[in-house]
Amino acid sequence: MRPLLHPSLVNGRYGDPTVYVETLFEKRGLLFDIGEIASLSPRKIQRVDQIFVSHAHIDHFVGFDHLLRLLVGREKSVHLYGPSGFAERVHHKLQGYHWNLVDSYRCDLVFIVSELATPHSVSTTQFRLKRAFVAEQLVANATFDGILYREPTYHVSAAILEHRVPCLGFALQEAAHVNVWKNRLADRGLPVGPWLRALKNAIVEGRPDDHLIHIDGSATSDSRLVRLGSLRDLLTVVAGQKIAYITDVADTVANRAAIVALVQDADVLFIEAAFAGTDAALAKQRAHLTTTAAGQIARDANVRRVEPFHFSPRYAGEEGRMLAEVMAAFGRPCA
């Protein structure tokens with residue numbers, strides 16, 4: 001089955017860190033970091049309703065103004081997530097403009113900003129165009145269990161990492177795909193219909209065998225309630241895709257352990273590789289990863305594919321070398 005989530009590196013391996021994730025069958029988009037986004041079409045930007053920001057260094061956050069310009073005048077809610085102090089930085093961005101004309105807008109634009117204030121708590125603040133983007137605290141210190149956002153089709157986990165400032169790493173996990181064997185439905189005289197969605201949801205939610213499923217009028221009987229356990233053979237479950245995003249982190253034992261735990265078994269890992277392996281001292285000074293460190297982390301986390309990015313411009317024209325170093329440490333040849 002085709003995955004629901006399709007990620008792409010917006011600015012290549014040298015440009016501002018930004019990954020755009022398009023959702024199949026839905027007019028929605030996600031961003032991991034929001035550096036320069038001028039290369040994204042307005043249509044794609046206007047689909048974005050969730051933005052996960054690692055930290056507020058300019059190359060990871062400068063695109064917010066472009067997003068704001070495109071969304072003002074549209075009825076839209078956007079949820080942003082970031083590290084401690086992030087809501088205040090969003091507030092300062094918004095208050096850099098005069099909003100004395102907000103009464104003339106028919107549509108409201110709402111930013112809901114959640115910050116991972118501590119390893120165990122999240123606070124959420126709302127900013128509405130119709131109120132000139134004043135800060136309205138919605139939730140203070142809600143319990144954080146490792147998952148920042150959850151919905152039926154996917155969830156996003158996060159970990160606090162160190163870059164001399166708090167910096168978040170993210171993992172986007174698609175829900176399991178549940179496929180129906182139509183030939184088995186036919187063999188048992190069961191119809192194709194809306195009840196199959198309830199059956200799939202029950203499987204994804206981990207319901208017990210005695211959970212009752214309402215079958216809408218089968219070919220051989222009227223509508224009836226059937227135990228989930230007797231219907232499991234109609235389905236197969238395939239694991240959903242996992243996409244991970246790591247950037248701007250110091251190469252420390254604690255960071256490596258937290259990253260590996262977060263991105264374990266990812267199908268795709270977007271990971272910074274700012275400096276070449278021979279420049280480890282410079283990488284340590286700047287609190288970034290080398291190509292070698294990026295490849296080793298990907299290997300230790302057993303990811304399927306690694307996508308290195310955020311190469312320093314000092315290696316302009318050496319993309320092949322940088323990729324080869326990552327892949328050598330990862331244990332696989334460069335494609």
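**Figure 1. Strands β16 and β17 pair in the parallel sense over four bridges.** The model is predicted: local features need pLDDT of at least 70, side-chain atom pairs count only at pLDDT 80 or more, and totals for chains, interfaces and linings use all residues. Residues are numbered from 1 along each chain as its sequence is written, and side-chain values use heavy atoms, with hydrogens and water left out. Strands (E, at least two residues) and helices (H or I, at least four) are DSSP runs numbered from the N terminus; two strands pair if DSSP finds at least two bridges between them. The bridge partner of Tyr245 is Phe270 in β17. On its other pairing, β17 (residues 268–272) joins β18 in the parallel sense over five bridges, and Ile271 stands opposite Pro308 in β18.

**Figure 2. Both faces of strand β17 are covered.** In a regular strand the side chains alternate between the two faces of the sheet. Val268, Phe270 and Glu272 lie on one side of β17 and Leu269 and Ile271 on the other, and all are buried (under 20% relative accessible area, 1.4 Å probe, protein chains only; exposed is over 50%, partly exposed in between). Five of the five residues of β17 are buried, so the strand is largely enclosed by the rest of the structure.

**Figure 3. Six strands form an open sheet of mixed pairing.** The strand order is β9-β10-β11-β16-β17-β18. Strands β9 (147–151) and β18 (305–309) are the edge strands, each pairing on one side only. From one strand to the next, the twist averages 15°. Helix α7 packs on this sheet and touches β10 (154–162), β11 (166–174), β16 (242–246) and β17; contact means heavy atoms within 4.5 Å. The direction of α7 makes about 175° with that of β10, where axes are lines fitted to C-alpha atoms, for helices over the stretch in contact, and angles run from 0 to 180 degrees between N-to-C directions.

**Figure 4. Helices α7 and α9 pack at an angle of about 45°.** Their axes are 9 Å apart, α7 spanning residues 253–263 and α9 residues 291–300. The two helices are therefore oblique to each other (angles under 35 degrees count as roughly parallel, over 145 as roughly antiparallel, 65 to 115 as roughly perpendicular and the rest as oblique). Arg256, Ile259 and Val260 of α7 meet Ala293, Gln296, Ile297 and Asp300 of α9. By class, this contact of α7 with α9 has four nonpolar, one polar and two charged residues (Ala, Val, Leu, Ile, Met, Phe, Trp, Tyr, Cys and Pro count as nonpolar, Asp, Glu, Lys and Arg as charged, and the others, Gly among them, as polar).

Figure 5. Strands β2 (residues 19–23) and β3 (residues 29–32) run antiparallel and are joined by four bridges; Tyr20 has Leu31 in β3 as its bridge partner.

**Figure 6. Helices α3 and α4 pack at an angle of about 55°.** Their axes are 11 Å apart, and the helices are therefore oblique to each other. Phe64, Asp65 and Leu68 in α3 meet Val90, Lys93 and Leu94 in α4. By class, the contact of α3 with α4 has four nonpolar, no polar and two charged residues.
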